[in-house]
Amino acid sequence: MAQQVVNLLATILLIIAFAMLSQRRVLSLIRLFAWQGLALSVSTAIVAYSTGQTHLWASAAVTLVLKVIVLPIVLHKLIDQLNVRWDVETLINVPTTMLVGIGLAIFAFALATPISEMAGTVTRSTLGIALASVLLSFLMMIVRRKAIPQVIGFLAMENGLFFAATSATYGMPLVVELGIALDVLVGTFVFGIFFFHIRETFDSLDIRHMETLKED
Amino acid sequence: MIDWAGIAFQILQSVFVVLAAPLLLGWVNQCRAWLQNRRGPGVLRPYFMLWRLFHKEAVIAHHASVLFRATPYVLFGCMWLAAGIVPVLATDLPFAFAADIIALVGIFALARVFIALAAMDIGTSFGGIGARREMLIGFLAEPAMLMTLFTAAFLSGSTALTTIVEALAHREFAIHPSLACAAVAFLMVLLAENARIPVDNPATHLELTMIHEAMILEYSARHLALVEWAAAIKLFAYMTIGVALFAPWGIAEGSDWGALPVAIAAAALKLALAGAGLAALETVSAKFRVFRAPEFLGTAFLLAVLGMLVYFLTNA
C-alpha cells in the first residue's frame, strides 16, 4: 500500500514537472514548485514510516520547511521587489517542448529500469520518474529565457535529485542532505542578488542579453 | 444455443441508454443552473424539447443533398450502437463483443465525419467553420482517447471493453498511478468531444466561437431532435465509459437479472455524481480561445502517454 501511494506521488511529481515546463506565469510556477515540494515531502515521510528509517523523517521535515514554505516565500518577495509578479513569458512551441519532454521521459525510464532492478528498496520503481523529472527540469532551464523560471527549474532539478536519492537508496546521509538544503537556500539568495545586477545592467531579466557580453 | 436471456438484457440496456440519455443532459443543465443561482429548467426539459421538435414541420434548404437528410439518422444509429457496446448495466452481453475499444473510437469518428460533411453540404459559412473546427478537435482528441483506453487495456490485458471492466471491477483495491493519469486525460477528452465548456459552449447560438452548434444550425424539427438526442447519447456513452473504466463497482455480470436493481441504482448514482461534477467543472472554468484547444488536447495526449509509461515503469 505504501508503495502504491509513493508511486502515485511520484506520478504527481512528474506531472508537476511537465506542468512547469508549459506554465507561462511566474506566479503559477512558484505555486507549482511549492506543490512539488509538498508531494516530495509527503512521499519521503511515507517511505520513512514504512521502512522505519528515522533520518528520512528529518529529510521530510527539512523538505517541508525549506521547499514548501521558505523558498516560495523568498521567491514571492523576490518577484515583488523585481516587480515581475504578473510577468507572462511568451513560450513558443509548447507542444514541441512537451513532445521533447515525453522523449526525455521515455529515455529516463529506459535508462532507470536496469538500474532500479539492482536497488533493493521498495521505492525502486520510482527511480525512472525521479530521473525523468531531473531531465525535465534541465529542459526547462534550457528553453526558458527569463532568469526566474531558470532558477525555479534549477530548484525543481534539486527536487528530482532528492527524490532519486530517496527512491534508490533511502536518501543520502543526513549531513549531506542538510548541506544540500543549505546550499539551495544560499543559492537562491545569491541568485536573487544576481537578478538585481542583471536587471540593472540590461534593464531586463532576459538572459539572452548576456550573450552580448563578448567583446569582438 | 442462443442466449435469449442475454439478448433480452442487451435490448433492455440499449433502450435504457436511449431513454435515460436526455435525463442525464437535463440533470447536468439543472445542476449548472443551481450552481449559477438560477432556478433551472427542470431535469425533464430535454424530453419536452425533443417532443416539441418531433411535432414540428421540417424545413430543409433547397440545395440540401441526400447526405444532409440522412445524417441525423446515421448519427443517431452510430451513437446508439456505441452505447450498446459500452457496458452500462452489465458486462459480458452478447453484443459487447461486436466491437472493441478501437472500433468504438471508430464509430465516434464515423459520426463525426458525417456531421461535418452535412454541415458543409449546405454551404453556409457557419457550417463550414463549425465542420473545420470539429475536425481539428476530433483529430487531436482521438489519439488521446485511444491512449487512455490503451492504458486500461494494458492493465487488464484485453481491448474488449467488457473484459476490461470485468478485470478492473474484480481486482482487489489498489491505487494505479497510470489509471489516475488516464482518468484526467479521459476527462479532458470528454469535455472536448462533447462540446463542453473549456473547448466549446453548449448553451450558445450567438458566439462566433461555437463549434457543435455551428454545425447543426441548419437542422430543424425531427432532424434537429435526432441530432440533439444523438448528442445526449454521446455524452451518456462517454460518461458511462468513464464510469466503467475508473469506477466499475456494482455492475452486473453476464445476464444476471437478480443483480439488475443494484446495477441500475449504482449506474444512476454514479452518473448523477458525474453529471453534478461536470456541471461544477463547467461553472468554474471559462471557455478557451479556439486556438488554445490544440494545447488543451495536447496536454490530454501527454497525460495519457505518461499514464502508459508509468504503467510500464511500475507495473501498476
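**Entry 1: the model.** I am working with a predicted model.

**Entry 2: one helix of chain B.** I started with H4(B), residues 101-122. I counted 22 residues and found 33 Å from the first C-alpha to the last, close to the 32 Å expected at 1.5 Å a residue.

Which residues of H4(B) are buried? My list reads Ile101(B), Leu104(B), Phe108(B), Ala111(B), Arg112(B), Ile115(B), Ala116(B), Ala118(B), Ala119(B) and Asp121(B). I was pleased to spot Arg112(B) and Asp121(B) among them. A reminder to myself: an α-helix has 3.6 residues a turn, so residues three or four places apart point the same way. I then checked what the buried residues of H4(B) pack against, and found H3 (66-85), H5 (125-156), H6 (161-170) and H8 (212-215) of chain B.

**Entry 3: a helix pair in chain B.** Next I followed H3(B) to H9(B), residues 221-246. Their axes lie 8 Å apart, at an angle of about 20°. That angle is under 35 degrees, so I call H3(B) and H9(B) roughly parallel. The crossing is left-handed. On the H3(B) side the contact includes Tyr73(B), Phe76(B), Met79(B) and Trp80(B), and on the H9(B) side it includes His223(B), Trp229(B), Ile233(B), Lys234(B) and Phe236(B). I sorted the contact residues into 15 nonpolar, 1 polar and 1 charged.

**Entry 4: a helix pair in chain A.** Here I looked at H1(A), residues 2-22, and H2(A), residues 26-51. Their axes come within 9 Å and cross at roughly 165°. This is over 145 degrees, and H1(A) and H2(A) are therefore roughly antiparallel. I noted a left-handed crossing for H1(A) and H2(A). From H1(A), the residues in contact include Val5(A), Leu9(A), Ile12(A) and Ile16(A); from H2(A), they include Leu32(A), Trp35(A), Gln36(A), Ser43(A) and Ser50(A). I found 18 nonpolar and 3 polar residues in this contact, and no charged ones.

**Entry 5: where the chains touch.** How many residues of chain B are in contact with chain A? I got 17 of chain B, against 18 of chain A. On the chain B side, the elements giving two or more residues are H7 (177-193) and H11 (293-314). H11(B) gives the most, with 11 residues. By class, I have 14 nonpolar, 2 polar and 1 charged on this side.

Terms used
Residues are numbered from 1 along each chain as its sequence is written. Chains are lettered from A and ligands numbered from 1 in the order in which they are written. This is a predicted model: local features need pLDDT of at least 70, side-chain atom pairs count only at pLDDT 80 or more; totals for chains, interfaces and linings use all residues. Helices (H or I, at least four residues) and strands (E, at least two) are DSSP runs, numbered from the N terminus. The expected span of a helix is 1.5 Å times one less than its number of residues. A residue is buried if 20 or more other C-beta atoms lie within 10 Å of its own, exposed if 12 or fewer, and partly exposed in between; C-beta atoms are placed from the backbone. Two residues are in contact if their C-beta atoms, placed from the backbone, lie within 7 Å. Axes are lines fitted to C-alpha atoms, for helices over the stretch in contact, and angles run from 0 to 180 degrees between N-to-C directions. Angles under 35 degrees count as roughly parallel, over 145 as roughly antiparallel, 65 to 115 as roughly perpendicular and the rest as oblique. A crossing is left-handed if the near helix is turned anticlockwise from the far one by less than a right angle, and right-handed if clockwise. Ala, Val, Leu, Ile, Met, Phe, Trp, Tyr, Cys and Pro count as nonpolar, Asp, Glu, Lys and Arg as charged, and the others, Gly among them, as polar.
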